[in-house]
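Here is a briefing on one chain, grouped by topic. Please look over the sequence and the structure before reading on.

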Amino acid sequence: MSPRHNRPRGGETPEERPNTGFDRYGLERTEEYQGEDWKVRHVAGASAAGKRYRCPGCDQEIPSGTPHLVAWPEYGGVDDRRHWHKACWNAKDRRTSKVQRSRNAPRY
């Protein structure tokens, strides 16, 4: 078996490669939501050991270590970031404006 080569096959240098949206924190893109631009970043979930987040789309917890998305308004600050399940973010335009909790859902 030949050794694995992690070099591009096209012979291009890093400066010549097309911009794919990757930055040092992962894949980040801009999407429109509620009439404004939002930055969206994929999160692997492994770096936030012990942290749990509540998805604003379904009002359920995102357990530690679960891959999800972080979204914030383009001109918002750190306090405006929200952690979403990927499916909830994709369905955000089809949901009602007020999320209904089930009877036995936690209230925090």
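Both arginine 41 and glutamate 28 are buried, where buried means under 20% relative accessible area, exposed means over 50%, and partly exposed lies in between (1.4 Å probe, protein chains only). This is a predicted model: local features need pLDDT of at least 70, side-chain atom pairs count only at pLDDT 80 or more, and totals for chains, interfaces and linings use all residues. Residues are numbered from 1 along each chain as its sequence is written, and side-chain values use heavy atoms, with hydrogens and water left out.

**Overall layout**

- The chain has one helix and seven strands; these are DSSP runs numbered from the N terminus, with helices being H or I of at least four residues and strands E of at least two.
- From the N terminus, the order of elements is β-β-β-β-β-β-β-α.
- The chain has 108 residues, and 24% of them count as buried.
- Its accessible surface is about 8,700 Å², with 47% belonging to carbon and sulfur atoms; the areas come from the Shrake-Rupley method with a 1.4 Å probe, and for residues only the protein chains shown count as cover.
- Of the contacts between residues at least 6 apart in sequence, 45% join residues at least 24 apart; contact means heavy atoms within 4.5 Å.

**Salt bridges**

- The structure holds six salt bridges, each defined as a side-chain nitrogen of Lys or Arg within 4 Å of a carboxyl oxygen of Asp or Glu.
- Side chains of opposite charge can pair when their charged atoms come close.
- Lysine 92 and glutamate 31 meet in another salt bridge, at 3.6 Å from N to O.
- Lysine 92 lies in the segment after helix 1 (86–90) and glutamate 31 in strand 2, so the pair ties together parts 61 residues apart in sequence.
- Lysine 92 and glutamate 31 are both buried.
- Through shared partners, salt bridges join Glu28, Lys39 and Arg41 into one network.

**Around lysine 39 and arginine 29**

- Beyond its neighbours within four places in sequence, lysine 39 contacts Glu28, Arg29, Thr30, Val70, Ala71, Trp72 and Glu74.
- Lysine 39 and tyrosine 75 are 36 residues apart in sequence and 9.1 Å apart in space, C-alpha to C-alpha.
- Arginine 29 is in strand 2 and is partly exposed, with a relative accessible area of 28%.
- The side chains of arginine 29 and histidine 42 make a polar contact at 3.1 Å; a polar contact is a pair of N or O atoms within 3.5 Å, where within protein one must be able to donate a hydrogen and the other to accept it, and residues adjacent in sequence count only if both atoms are side-chain atoms.
- Leaving aside neighbours within four places in sequence, the contacts of arginine 29 are Trp38, Lys39, Val40, His42 and Trp89.

**Nonpolar core**

- The largest nonpolar core has ten residues: Tyr33, Trp38, Val40, Cys55, Ile62, Leu69, Ala71, Trp84, Cys88 and Trp89.
- Such a core is a set of buried Ala, Val, Leu, Ile, Met, Phe, Trp, Tyr and Cys residues joined through side-chain atoms within 4.5 Å.
- Strand 3, strand 6 (68–73) and helix 1 each supply at least two residues of this core.

**Cysteines and histidine 83**

- A search of the whole structure finds zero disulfides, a disulfide being a pair of cysteine sulfur atoms within 2.5 Å.
- For cysteine 55, the nearest cysteine sulfur is that of cysteine 88, 3.7 Å away.
- Cysteine 55 is buried at 0% relative accessible area, and cysteine 88 is buried at 6%.
- Histidine 83 sits in strand 7 (residues 82–84) and counts as buried at 16% relative accessibility.
- The side chain of histidine 83 makes a polar contact with the side chain of histidine 68, at 2.9 Å.
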